[in-house]
Amino acid sequence: MSESLFVNPSDEPLAARMRPDNLENFAGQEHLIAPGKILRRIIDSDKIPSMIFWGPPGVGKTTLASIIAKRTKAEFINFSAVTSGIKEIREVMRQAEANKNFGERTILFVDEIHRFNKAQQDAFLPFVEKGSIILIGATTENPSFEINSALLSRCKVFVLKSLSVEDITKLLQRALNVLGKNFYADDDILKAIAIFSNGDARAALSLIEMAANNSQANSEGKIIITQEILEQCTSRKSLLYDKNGEEHYNLISALHKSMRNSDPDAAVYWLARMLEAGEDPLYIARRIIRFASEDIGLAEPSALSMAVAAYQACHFLGMPECSVHLTQAVVHMSISPKSNALYDAYNSARDDAVKNLAEPVPLHIRNAPTKLMRDLEYGKGYQYAHDYDEKITAMECLPESLIGHEYYKPTEQGSEIHYKKRLEQIKKWKAEHKK
């Protein structure tokens, strides 16, 4: 159906008006769409496979599908997992089968594909297998958990990243031109919006549009977006706490180092500084999860569970309710015994792994599912620990050139002293039984 003659394009949300129709104007995702990159080549050649776009909100998943729709010679069908069911899926599949009989390809784009249940996803599978449709799904959730393994195995997964502050700032500069020549915001304002949007272009464009609509023209007719207007639009007291992008990292560093130094009062203060300035609570929660293993580890194993639980609470509740959950996690991290043994263990192992990337896996711990592999002595000499009374053997599992290397060196802090004693017992037993 044709659009009404009375539809005014300026009535569309700014994010819709800003949506690019080509890759040249697309913001971010250079690792996928820069010249020579795989997704760029796929789109340019119009050889589209079934694929999944996985990434956080507002990073361009739907926009990439829209660009493919404009570039492809195939029939492109836009489908929403929110409003569609099995009946609609079957109707689309019948249409795709008819197209195939006439030698035409059908690309089916499914937004928020993770919202489909198993039965709905299964309905796609035979048509993807037969090549009746090329499926493009967009999801904010990990496809390994939310998409059926059979369907996922037939799709190429492309991971889209949150947009950088620089990407969004450039986008906002273009947005001012779209809003009109009378609108103005200085660089600090644009950068603040970019930081506040946390990598979400749609959120950034919605915020600048709201601010523009609520700003007053001055005597010269210029509409200036101010810090005061932004703070009103976001209900944040100090949106511009990070004018140069540096304070964001200074504050998270202060929080991290206060927890590391077992200072709960300082840690809670820096937490409050960040939250009241408008920092994303999920960002803070992610950093606490990292801290739980990097600085505490097995000295207090419950720290990781506490950190993950705090992240989930932030996800379910948001601000301001989740502030108390983050406080609980921060205090727990601060007063827990500290150990960086896991952090050191990985870094040390990583260095050896990088130097020895071609080091072969010892034959006796290789999997041997076929007769040929068994004939080549894969798995020969493997000792199954559960067959032994001690549930342990003296079998070597490191490559020959690395035998004797030690990576995990437990401390005597908190619960880690028990891990240290157990590891000493294991090493002593293995040394006695080597021969």
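Helices (H or I, at least four residues) and strands (E, at least two) are DSSP runs, numbered from the N terminus.

**Figure 1. Overview of the predicted model.** The protein has 20 helices and 7 strands. Its C-alpha trace spans about 90 × 65 × 40 Å along the principal axes. Of its 435 residues, 40% count as buried; buried means under 20% relative accessible area, exposed over 50%, and partly exposed in between (1.4 Å probe, protein chains only). The protein exposes about 24,600 Å², and carbon and sulfur atoms supply 52% of that area. Accessible areas come from the Shrake-Rupley method with a 1.4 Å probe; for residues, only the protein chains shown count as cover. A contact means heavy atoms within 4.5 Å. Among contacts with a separation of 6 or more, 70% join residues 24 or more positions apart. This is a predicted model, in which local features need pLDDT of at least 70 and side-chain atom pairs count only at pLDDT 80 or more, while totals for chains, interfaces and linings use all residues. Residues are numbered from 1 along each chain as its sequence is written, and side-chain values use heavy atoms, with hydrogens and water left out.

**Figure 2. The nonpolar cores.** A nonpolar core is a set of buried Ala, Val, Leu, Ile, Met, Phe, Trp, Tyr and Cys residues joined through side-chain atoms within 4.5 Å. The largest holds 52 residues. Leu-39, Phe-53, Leu-64, Ile-68, Leu-172 and Ile-225 touch the most other members. Helix H11 (residues 201-213) gives the most to this core, with 7 residues. Leu-39 touches Leu-32, Ile-33, Met-51, Phe-53, Leu-64 and Phe-158, not counting residues up to four places away in sequence. A second, separate core has 25 residues, including Leu-282 and Met-333.

**Figure 3. Aromatic pairs.** Rings of Phe, Tyr and Trp (its six-membered ring) pair if their centres lie within 6.5 Å; planes under 30 degrees apart count as stacked, over 60 as edge-to-face and the rest as tilted. The whole structure contains 3 such pairs. Phe-53 and Phe-158 have ring centres 6.3 Å apart and planes at 55°, so this pair is tilted. Phe-53 lies in strand S1 and Phe-158 in strand S5 (residues 156-159), so the pair ties together parts 105 residues apart in sequence. Phe-53 is buried at 0% relative accessibility, and Phe-158 is buried at 2%. Tyr-269 and Trp-270 form an edge-to-face pair, 4.9 Å centre to centre with 70° between the planes. Tyr-269 is partly exposed at 44%, as is Trp-270 at 24%.

**Figure 4. Charges over rings.** A charge sits over a ring if NZ of Lys or CZ of Arg is within 6 Å of the ring centre and within 35 degrees of the ring normal. The charged end of Lys-156 sits over the ring of Phe-158, 5.6 Å from its centre. Arg-366 places its charged end over the ring of Tyr-378, 4.9 Å from the centre.

**Figure 5. Ser-50 and its surroundings.** Ser-50 lies in the loop between helix H3 (38-45) and strand S1 (51-54). Ser-50 counts as buried, at 11% relative accessibility. Its side chain reaches the backbone nitrogen of Leu-135 at 3.0 Å. Beyond residues up to four places away in sequence, Ser-50 touches several residues, among them Val-128, Ile-133, Arg-154 and Lys-156.

**Figure 6. Ser-197 and its surroundings.** Ser-197 sits in the loop between helix H10 (187-196) and H11. Ser-197 is buried, with a relative accessible area of 9%. Its side chain reaches the backbone oxygen of Ala-194 at 2.8 Å.

Note on methods
Polar contact = N/O pair within 3.5 Å; in protein donor to acceptor, adjacent residues only side chain to side chain.
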